Amino acid sequence: MRITTDAFRELVDLVGGLEVFVPERMEYVDVTQKLEIDLEPGWQTLNGDQAEQFARYRKDNGDIARIQRQQILLKALRQRLVTPSVVPRLPKILRVMQQYIDTNLSLEEILALVGFGLDVGKDNIRMVLLPGRFSNADEYIASYWLMNSRGRDRVMSEYFEQEPKYKSSLRRRSSPHRVRIAVQNATDDPELGRRVARYLARNDFYNVYYVSDWPDRLSQTEIIVQQGDIKTADIVKKVLGLGRVEASSTGHLKSELTIRVGEDWLEREF
């Protein structure tokens with residue numbers, strides 16, 4: 001299947017836009033790519049053109065941050081597709097979308113795939129960025145994302161049930177208590193992040209650091225699986241006694257897990 005770049009914009013417009021949280025002011029003009037980006041921060045209903053702007057913005061961490069935003073958009077699109085107002089229109093939407101698609105699948109086969117996708121539970125949709133790091137200036141002239149082989153093997157094992165060629169890479173798995181955890185406050189209490197970090201330290205999690213507050217307020221704490229380590233995320237959730245594991249790579253890039261602390265922690269303290 002091949003899809004043109006116009007397809008995404010058209011699809012977003014056909015479903016009535018996507019509800020997306022824009023974390024910061026996004027504004028610049030890229031003359032070479034004929035791209036003008038102008039998005040206000042906060043919750044927005046993005047039309048097709050604005051969704052493309054959100055996906056292609058690259059003033060923060062380049063391609064890796066774009067991957068994060070693409071994951072956000074895909075989850076928002078899936079959520080929109082299962083709404084009662086959109087589901088009955090899906091066959092018509094697909095017929096319109098066919099002009100942007102080159103495939104040997106029939107419309108009936110495409111509809112069957114769409115139906116399968118809509119039946120997959122929200123918690124069973126997992127997205128992962130292969131664990132790695134940005135290359136250093138003395139390694140390459142250009143900037144690359146260098147994959148971590150142990151992290152790759154863990155992802156293939158946990159997500160795809162594929163055993164690595166060298167099983168010793170999984171046996172060398174580090175202790176969950178050494179996992180690098182970013183704590184991000186998503187409440188109005190400015191000291192909450194530090195209190196959560198101290199709580200984790202009392203429970204023998206040693207590699208914890210703070211990042212800037214999340215600009216949106218969350219009612220429920222999120223444990224974001226930044227590098228695909230679902231098992232450790234479940235352990236952290238049990239230690240915290242609350243929260244929701246988010247199987248996506250939309251947290252702090254240098255973390256293995258990002259804990260976005262919500263108001264449920266304030267209720268827990270009382």
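Biologist: How many salt bridges does the structure hold?
Modeller: The structure holds 15 salt bridges. Keep in mind that this is a predicted model.

Biologist: Why would side chains pair up like that at all?
Modeller: Side chains of opposite charge can pair when their charged atoms come close.

Biologist: OK, give me one. What does Arg195 meet in a salt bridge?
Modeller: Asp189. The two side chains meet with 2.7 Å from N to O.

Biologist: Which residues are linked in a network of salt bridges?
Modeller: Lys75, Glu222, Arg244, Glu246 and Arg260 are linked that way.

Biologist: Let's go through some of those. How far apart are the closest N and O atoms of Glu222 and Arg244?
Modeller: They are 3.2 Å apart, and the pair forms a salt bridge.

Biologist: Where do Glu222 and Arg244 lie?
Modeller: Glu222 is in strand β11, residues 222–225, while Arg244 is in strand β12, residues 244–246. The pair therefore ties together parts that are 22 residues apart in sequence.

Biologist: Is Glu246 buried or exposed?
Modeller: Glu246 is buried, at 12% relative accessibility. Glu222 is buried as well, with a relative accessible area of 15%. Arg244 is partly exposed, at 25%.

Biologist: Switching to helices. How do α1 and α2 pack?
Modeller: Helix α1 covers residues 6–14 and helix α2 covers residues 48–56. They pack at an angle of about 130 degrees, with their axes 7 Å apart.

Biologist: So what do you call that arrangement of α1 to α2?
Modeller: That angle makes α1 oblique to α2.

Biologist: Left-handed or right-handed crossing?
Modeller: α1 passes α2 in a right-handed crossing.

Biologist: Which residues make the contact?
Modeller: On α1, Phe8, Arg9, Val12 and Asp13 take part. On α2, the contact is made by Gly48, Asp49, Ala51 and Glu52.

How values were computed:
Residues numbered from 1 in each chain as written. Predicted model: local features only at pLDDT ≥ 70, side-chain atom pairs only at ≥ 80, totals over all residues. Heavy atoms only, no water. Axes fitted to C-alpha atoms, helices over the stretch in contact; angles between N-to-C directions. Helix = DSSP H or I, 4+ residues; strand = E, 2+ residues; numbered from the N terminus. Parallel < 35°, antiparallel > 145°, perpendicular 65-115°, else oblique. Left-handed = near helix turned anticlockwise from the far one by under 90°. Contact = heavy atoms within 4.5 Å. Salt bridge = Lys/Arg side-chain N within 4 Å of Asp/Glu carboxyl O. Buried < 20%, exposed > 50% of the residue type's maximum accessible area, 1.4 Å probe, protein only.
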